[in-house]
Amino acid sequence: MVDDPGNYLRQDHLLIPSITAGRKVKVAMGYSFKGYMRSDGSAGTRNNIGIISSVICSSTVTNEIASKIDYAVPIVHSNGCAQLGDDFSVTKSMLSGVAENPNFHSNLLIGLGCETNQVTGLLAAIPNVKPIDGFSIQQMAGGTNTVAKGVAIASEWSKDITNEQRTDLPISKLKIGVITTDMDEQTLAITTPVVSALIDELLENDSTVICSLTRTLEPSGKILATKTKDTRSKEMLKTLSEGLNRRRWENDEGYALSVFSDEEKSLAAHEARLLGSKDLVEFLNINEKPSNRGLYLLKSSDNIVETISNFVSVGCNVALIISKEGILTTSNVIPCISLAPCNESQIHRDHVDFYIARGNEEKQTVTLLEKLLQVSSGELTALEEYELGEFAIPHIGTTF
Amino acid sequence: MKTFDGYRRPDGSIGVRNHVIVINTVGELSALTRKIANLTPGVIPVIHHGGVAQFPEDHTQTLRTLVGTAGHSNVSATLVVGTENDPIAQEIYKILKKKGKPVHTVCLNKNQKIPEILHEGRSWLLTALENSKKEVREQCDITELIVGLECGGSDAWSGITANPSIGAFSDMIIREGGTSVLAETTEAIGAEHILASNAINREVGREFLDIVRTYEHRIKQTGEDIRSANPTPGNMAGGLTTLEEKSLGCIKKGGGTPLKEVISYAGKPTEKGFVFMDTPGYDVESVCGLAAGGAQVVLFSTGKGSPTGSPIVPVIKIGTNPKVYEIMSEHIDINAGKIIDQNKSINDIGKEIFDKVITVSNGEKTAAENELNQEFAIWRLAESI
């Protein structure tokens with residue numbers, strides 16, 4: 001039987017009791033951060049060079065180029081060849097999206113040459129708004145030549161970066177990803193008042209907030225559908241309570257994705273409150289970029305590296321990751337602030353950036369906003385300090 | 001009887017390398033695993049982003065691949081980096097322990113500080129590295145060798161020079177009592193009847209036709225045409241015009257010996273002789289499956305030139321034409337183009353490959369090993385959940 005919204009979720013699940021939605025939070029630094037303005041109107045919170053492999057076959061060369069250049073970040077992954085249809089489209093759009101991310105000052109694309117995902121195709125797909133170049137190992141007659149040419153090009157960009165300064169930018173330039181992982185009710189009970197108030201405050205100030213729609217949030221689809229006026233999103237969200245249509249090739253009736261337990265439904269109800277009180281503009285499919293400012297939901301998976309990378313490719317310049325005990329990975333493109341509830345044992349984990357305790361939510365919201373602005377202005381997160389950034393492209397089908 | 005010098009493992013298997021590796025169970029630990037390896041020169045990182053949020057068929061395949069990789073005979077010792085109470089880490093540990101392989105798991109308690117985790121991993125690896133240096137090669141029978149057969153970046157010469165030479169090698173090693181494993185189901189499409197008719201019996205032939213049929217069914221379910229991805233742009237630039245043409249060249253790597261067994265991705269051959277493994281045409285994923293299935297060496301023909309390797313097995317590249325050997329020589333070990341311009345026969349190159357397999361098995365590094373090409377990717381079947 002398909003549940004009616006009222007069966008397990010009530011509208012008041014979406015109300016946040018301790019923080020009044022839309023109230024201005026007084027922040028010491030003001031509503032601005034110091035970032036890098038891009039020619040397309042977006043803003044970077046970091047200023048790096050993307051060295052991007054089009055296919056796994058060029059990943060070693062890509063890593064080598066990046067290791068020789070200041071500010072260079074290697075974007076390597078397992079995809080790029082023998083892919084078809086939507087699965088291939090996701091790979092292409094992920095890579096062009098990453099290149100477009102405002103945290104990259106410039107991009108160098110490195111291919112093998114014979115792969116399905118050709119560098120020339122990527123170059124054509126990426127808007128020409130910042131320095132970009134690309135070539136393949138076969139075109140350059142080997143890895144040694146490719147590394148030499150790549151280093152020559154990227155080292156010039158690196159010199160430019162050295163001379164660039166951060167400037168004051170309005171908070172509306174921030175596109176913040178909000179990612180949940182490893183959730184339980186206690187974590188949500190402690191973190192929701194602060195995070196939802198922060199999301200409301202960011203939206204009041206014209207920022208864009210993109211929340212992850214993972215499997216734990218799926219059972220709350222019908223309630224989420226009431227938060228949007230967009231017809232397409234409303235219809236898609238309504239069907240979520242019956243499970244997202246995740247693709248596979250073998251049917252295993254013993255493993256249905258559309259049946260949720262009461263516990264899962266209850267957790268989803270709590271997680272839905274995290275989004276705050278504002279309306280959703282749209283529900284975005286994997287790798288679909290938001291069309292405007294406001295609050296969005298992005299389809300993602302419980303694979304944290306793939307999900308963070310997905311947020312990079314849709315243009316987020318900073319992210320908040322909420323989990324029970326903190327996570328041990330981050331993005332190598334955008335700073336990810338790790339949030340966790342303050343536990344009873346008060347153990348300080350060095351991979352968590354911000355602990356949220358029960359009570360005093362208003363003050364904690366202000367402090368978290370300050371932290372967000374500081375990190376967006378260049379302060380390193382804990383996982384950036386440890387250089388634990390990764391990148392991965394989700395598959396939505398098999399390779400051939 | 002031909003021999004080579006390898007490492008005899010406690011479970012009786014023979015390795016041609018003596019690697020110490022660190023491998024992660026789930027994507028969240030990939031960066032930490034890489035960091036542990038970077039802090040311990042000489043240790044090879046085996047990194048992937050799966051192991052979580054997968055449908056059962058993907059989970060099973062990922063686990064089989066990780067177990068096969070971590071417990072490979074080319075690996076002297078394995079550090080597994082997992083989460084707290086990690087079932088994948090526990091499974092790998094149990095299987096490797098039973099094989100008598102040195103194994104340790106760092107199952108992360110998130111109350112530990114990151115430097116403590118790094119220190120624990122590095123300390124165990126330093127000892128494992130020291131212990132691995134005490135292990136010595138000994139004379140082993142060539143019947144212990146399993147050689148994977150792969151191609152990547154094929155051109156019109158692949159089916160004329162390098163692939164038939166690999167086929168000649170395959171026949172030679174099987175005559176000596178060894179095993180060769182052909183892969184890439186995609187690249188059997190259009191030529192499957194030839195391989196099936198060369199099966200040792202009707203049952204094996206039918207099994208082979210079944211995996212090709214299943215493969216084609218999957219492709220049709222996407223609403224796509226396999227021919228839109230295969231031949232690839234590079235294959236076409238190299239003169240291949242259809243998938244059937246590519247497949248007819250691809251299967252020549254199998255030589256003329258009857259097909260004895262069909263195994264699943266990352267599965268282990270149970271018979272010696274000529275075997276087929278169900279893998280995708282994506283070469284890195286295919287090599288990963290061959291290695292996890294126990295191949296100690298992989299042969300890889302290339303018409304366009306490919307640098308890729310494996311973290312655990314030496315991959316011997318065979319160029320299909322003189323031009324690719326000349327311009328991509330840093331990535332290629334053998335020039336099968338000599339059949340075109342130096343009056344060499346397919347058997348001559350087959351013999352050259354045979355000799356190379358022996359010297360590489362004895363410890364000689366391949367081009368991919370010299371360039372530290374250690375690509376690793378597990379064949380994914382479905383969407384992340």
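Me: Is strand β8 of chain A mostly covered or open?
Reply: Strand β8 (residues 175-180) of chain A is mostly covered, with five of its six residues buried. Buried means under 20% relative accessible area (1.4 Å probe, protein chains only); strands are DSSP runs (E, at least two residues) and helices are runs of H or I of at least four, numbered from the N terminus. The model is predicted, so local features need pLDDT of at least 70 and side-chain atom pairs 80 or more, while totals for chains, interfaces and linings use all residues. Residues are numbered from 1 along each chain as written, chains are lettered from A in the order written, and side-chain values use heavy atoms, without hydrogens and water.

Me: Which strand is joined to β8(A) by four bridges?
Reply: That is β9 (residues 208-213) of chain A, which runs parallel to β8(A); pairing requires at least two DSSP bridges. Lys175(A) has Thr208(A) as its bridge partner in β9(A).

Me: And which strand pairs with β8(A) over five bridges?
Reply: Strand β12 (residues 318-322) of chain A does, also in the parallel sense. There, Val318(A) is the bridge partner of Ile176(A).

Me: Changing topic, how many residues does each chain bring to the contact?
Reply: Chain A brings 65 residues and chain B 68, contact being heavy atoms within 4.5 Å.

Me: How many salt bridges are there between chain A and chain B?
Reply: There are four, each a side-chain nitrogen of Lys or Arg within 4 Å of a carboxyl oxygen of Asp or Glu. Glu390(A) and Arg34(B) form a salt bridge at 3.0 Å, N to O.

Key
Buried < 20%, exposed > 50% of the residue type's maximum accessible area, 1.4 Å probe, protein only.
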